[in-house]
Amino acid sequence: MLAGFSQGGAVSLYTGLRYPERLAGILALSSYLPLAGTLAADRAPANAGVPIFMAHGLDDGVLPIGMGLASREQLKALGFGVEWHQYRMAHSVCQPEVADIREFLFRILPDELP
């Protein structure tokens, strides 16, 4: 599982989609997809179906929501499934987002770890 906020989310998307071993999921909060133009050639088959949770604030003045939306569309165009959420907030995290993250994690992580 890779997760990050802002630049950390960008690193999670960049690295996770190119990582050669299967991940449980990727969380990218208030973030974007860097170097989207190289992903088609660089993506790892192991993470072709990795669950991706993206969330963004409607009032984000640091990374405008348009960057997140464009990244979502770029990922979808390459066949990635993206669970998208947006919230009335700035460049931050809010309680409804935390609840949605919790639900996502319970859905994708195994009940028991090895």
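Which residue forms a salt bridge with Arg-72? The partner is Glu-73, and the closest N and O atoms of the two are 2.9 Å apart. Here a salt bridge means a side-chain nitrogen of Lys or Arg within 4 Å of a carboxyl oxygen of Asp or Glu. Side chains of opposite charge can pair when their charged atoms come close.

Before going on, a word about the model and its numbering: this is a predicted model, in which local features need pLDDT of at least 70 and side-chain atom pairs count only at pLDDT 80 or more, while totals for chains, interfaces and linings use all residues. Residues are numbered from 1 along each chain as its sequence is written, and side-chain values use heavy atoms, with hydrogens and water left out.

Arg-72 is buried, with a relative accessible area of 18%, whereas Glu-73 is partly exposed at 39%. Buried stands for under 20% relative accessible area, exposed for over 50%, and partly exposed for what lies in between (1.4 Å probe, protein chains only).

How many salt bridges does a search of the whole structure find? There are five. One of them joins the side chains of Asp-42 and Arg-18, at 3.7 Å from N to O. This pair links distant parts of the chain, 24 residues apart: Asp-42 sits in helix α2 (residues 36-42), and Arg-18 in the loop between α1 (7-16) and β2 (26-29). Such helices (H or I, at least four residues) and strands (E, at least two) are DSSP runs, numbered from the N terminus. Arg-18 is buried, with 15% relative accessible area, while Asp-42 is partly exposed at 37%.

Next, find helix α4 (residues 95-108), where Glu-103 and Arg-107 are four residues apart and so are separated by about one helical turn. Their side chains meet in a salt bridge of 3.8 Å, N to O. Glu-103 is partly exposed at 49%, and Arg-107 is partly exposed at 47%. Together with Glu-83, these two residues are linked in a network of salt bridges.

Helix α4 also holds Val-98, which is partly exposed at 38% relative accessibility. Val-98 forms a nonpolar patch on the surface with Phe-5 and Val-93, and together they have about 220 Å² of accessible area. Patches are made of residues with over 30% relative accessible area and no salt bridge, with like charges joined within 9 Å and nonpolar side chains (Val, Leu, Ile, Met, Phe, Trp, Tyr) within 5 Å. The accessible areas come from the Shrake-Rupley method with a 1.4 Å probe; for residues, only the protein chains shown count as cover.
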